[in-house]
Amino acid sequence: MEVPNALSASQEQLLEVARGRRSPCSLSFAQLACAQGAWLQDLQDDFLSSLYSCLAPKPSTALDPEYSILFFSKYDARKLLASLTEFSQQFSQVPLSPEWSLVFLNGLWERMLQVPGIETPPVLLQWLHGGLQPFLLHPESFGCLRAKDVSCEQFQLLVAALDGIYSQLSVQEQRNLYSGIKHFLTQHGPSQSCHSPNSTAWFRNFLGSFLEHATVEDLQLFGDEATLQKFARDLVNMEMVGNLTLLRETALYYTLLLTSAPAFPLASLPDRFLCYLSPGAVANLSREEALGVAQRLGRSCPWSRGMPGASLELQVASSLLRNLEDFSPAVLAALGQAALGLSVSTIQENIPEEHLEAALPALGRVQGWRDEQARAVVNKLLQSGYQILNGQSLAELGTLVGGLNSSTLWSLSPEVVLEAIQLPAFAQHVDTLPYALRRILVEKVSSRVGHPSELVKLIPSALATSIPKSLLVFGEEMPNLQDLNNKPWTREQAAMFFSDVVKAEPDFSRLSQSVLQGFTCAAASAVGAERFQELARVMRKKKVRLGQDQLSCLLRMVTLHGIPQDWDTYPQDLLLFLSPSDYAGNCSQFFINVGKANEDVLPKEAPQRQQLLLEALECLGIPGTQINKTNAEVLGWLVCELDGDYIRGSGGTLLKDLSQCGSFLPEQEEAIRDVLSSGNTTFGPPSAWSAFTLSELSGLIPVLGPSILQQIPKKAVTTWLRNFAWDSHLSREELATVIKELRPRRHKRAEEGCPAELEITKKMLDDDLMPAFYIPEELLRACLQNISLENHLYLENDLSKVLNYPFSNPQLAVLKEYLHERYPDGYPEKVLSGMGPLLPLLSPEDISTWKMSSAYTLAAFLKIEPPDSLASAAIKRYMELGHALNATALDAIGTKYVCLLNATQLKAIDPSSLKLASLNPSACSQETKNILYQKAKEAFSDQHHLPAYYELILPYLGGAPAADLKVLSKDDVNMNVSTFVTLRRDSLMLLTPGEVQGLLGVHLPELAQWQSRAPVRDWLALQKQPELDKLHVGLTGGVQEGYINLITPKFPAMSSAPLGTVAMVFHLLPALLLTFLTVSILS
């Protein structure tokens, strides 16, 4: 390129720039490009960074792009790479100006192609990863290559080179490069996507490993369906894709492209694609083919319920196994995980008992059995004579152990259970048992074990959390630290032995996270201030999660002698109760750490949440209502506290963060809908959303509303429901709302009966999108009336599975009618555990006919959390049938329902049962608290002299008489003020200031915050002020010296008090007034 010398920078000017005496901004890009190459070599490695900073604010439109090629062509390759490396380090996380990015890339690309060995992966990696990475952040950069007339052949070589370094790139770099590749291939439409009539290996040639980042929509940009089918079936492409991890949606689509061809042999389908088959793809296989695919499916897809794609894979497995007749032991053993596709009806009717027993070793290794399936297998084994005579025969059940019922477990001797739990084959599977059945095993073991330390040693980890906390009180016995550290404990369990452990253990770092979560104020205050600081720091290192009361105590003790400067060495959750002014670092770092803390410590309505948000917004200096991405990262979970104005003002910036919040206020929901409806987000308008979009926004789906849901393409919704809903954490009711929007514009008429295509078959009953086919609900009613006996039995055996499909309430009402017709005398036990979805439609009268034969039936029903009226009816029905409120029943009732028990039911509780249960009646009536306190006091009477006694009796203290509280005040219990204010009012009023100090311990200063509220205000009014002053916590409101505290008697209402009582009051009134006047004169 010929240029006048007048445009060239001089050697002296460049030297001055190199020596830092002149700003590079004083020279234009044209002057630099026209300088002699030798002069450019004197520039420092940071010159490009400085040059870019000069150019970025200026427009690039007037610049001749050839200057970029000329400038970089004069640079020595090694020196240029060094400058680019420094540039890349400075700008790798800073988006470049798209215009200047293209200007630089224009010249850099040409220079890179001239580098010797650029076609080899090591050299290319240096340039792309170390040098050009910031310029490739914009997909338009690859458009620059198209503009430079880079041919498809040259681009194929580039993709091959990039594919060679794919595994060495970060995920973000892979995505950026893929976006550029896609831009190059699609900017002029599918017809210009480098398709070749001579080769169908297009995926391998032009995408390579970057196909891992392609969505279904991307593939459809690369060609029409017929073209994509050719590409998908190309052997070279199939071999490559078989080694990639595609996005699930893309993998499903790719498999559909493969299998949609007529007579495509599934035997030739690579194992990787088997996991993405649709039920329709296996519908017409012969029995031999179905068996072969099922066996491969079981081997290739290590799925189980709750894992990605389990719903679809289960439907495929069910479809494959539905028409098989030969279930020999060899066939059953070869199914592997595909055995989960066996229906209960098939197990009960088509598989001989001897085959089940012979295949038991293999079936016992299958992960993810439904309760109904496991029960069907185990019941059939037991009915055919299978005997559990020792621990080995119990352990042989493996994952099927969840099929054992309570009566079978109770019939086992403790010796059998003891032997079984020491066998790894059994211990690793007991976690599949319901909690109530795990408790039976614990009780069996504890009946043969004399000491807590022996119990802890013998119980496998999967049963540890099922040990009643009262059995973990060691007393004079020294617990074995290694045994405690090796088990998972609940917070309440660990509190039983925390005091024993911290007193005996010199090195707190040896304590496990599980043990440390049992932190109690009483134990911590006993170890001394210096050791306490060490304990707190260990809890930070081990990321121990504490509850609000524990953190309150911890904060009180940490700040006892002033605010520490090294907050970063203490548990992070303490920051939730601080302000930035208490933190030694800058406020941004404070809120970054708050964002990492456990937000669940603060209830949703806690004022601390809003206070933290206000302080965070002030810290970040946000003047308006627009939150950018950087600020959102600092806010962390506080984003969930932002009001609707901030959500609207921030556009789509907050959507992904908000999708993690879980629940919203109505004004937040409205703002989210406004933002999404606008279409001005990275997700585009709802009418353009894909299943992948819904997956990314799944946390926001409950707030979308009909107006948005109806705009989303039905195909996208269906694909999402089929393949992604499993990972959305949406409830059945929320999914039902989405299903409702799939209804056709014109409903099918139900007056003419059940349409043939909607006949309720096994295939239909296995489809979790079944509700979508029966809109309106009259169609479901019509089809249920015509269901065959065989399919009715299939429905009955899999009822809990079917009820958990996302049916609407009108559809559920139809199913309830159907069940009432089938069971007019009350539902059998096997139906009760799956009644959850029907709860809104049940009445106490319905429950009054149920057959509850044991506490485990009651537990199964209460586990689904019915409303109080139904829970009360279930408890009443259980007791009407003559069953006792034993430990299993009490645990099932739990804190949630204990307040529903009446005085008669409460008095029927045996203290020995209460000792093994875990209840907290603090929210109940005073009568309930009084009764349960006396029961609990008797239950734990043999442990009242031990430190753990306070933790045992704590939930019941709301019913304690004053005399017992006075005794407790001498034991350094460090009672929380939140517990103190819920004590019996008459008991609290009889406590002296000294006794209150003994009860509260380190929490005494918090009492000042309550002095204007009942019952603390009323207690203060009864105390002498000098006695309160001795506490040195600023309490006021007591009786001054020389004064008498005259409490106005509370008389019953005139309308209800007996006349004699009222007369007595008026008779005594003059005497009371005279006494008052006399005292006043004398004082």
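Leaving aside neighbours within four places in sequence, F71 is in contact with F29, L32, A33, L40, F47, L48 and L51; contact means heavy atoms within 4.5 Å. The model is predicted: local features need pLDDT of at least 70, side-chain atom pairs count only at pLDDT 80 or more, and totals for chains, interfaces and linings use all residues. Residues are numbered from 1 along each chain as its sequence is written, and side-chain values use heavy atoms, without hydrogens or water.

F71 also belongs to the largest nonpolar core, which has 357 residues. F71, F104, W720 and F980 have the most contacts inside this core. Helix α7 (residues 98–113) gives the largest share, seven residues. Such a core is a set of buried Ala, Val, Leu, Ile, Met, Phe, Trp, Tyr and Cys residues joined through side-chain atoms within 4.5 Å. Buried means under 20% relative accessible area (1.4 Å probe, protein chains only).

Aromatic pairs number 21. Rings of Phe, Tyr and Trp (its six-membered ring) pair if their centres lie within 6.5 Å; planes under 30 degrees apart count as stacked, over 60 as edge-to-face and the rest as tilted. Y254 and F273 are stacked, because their ring centres lie 5.3 Å apart and their planes are at 10°. Y254 lies in helix α16 (residues 248–259) and F273 in helix α17 (residues 271–274), 19 residues apart. Both are buried. F519 and F532 form a tilted pair, 6.3 Å centre to centre with 50° between the planes. F519 is buried, with a relative accessible area of 2%. F532 is likewise buried, at 2%.

One aromatic cluster is formed by W202, F203, F206, F222, F231, Y254 and F273.

Technical notes: Buried < 20%, exposed > 50% of the residue type's maximum accessible area, 1.4 Å probe, protein only. Helix = DSSP H or I, 4+ residues; strand = E, 2+ residues; numbered from the N terminus.
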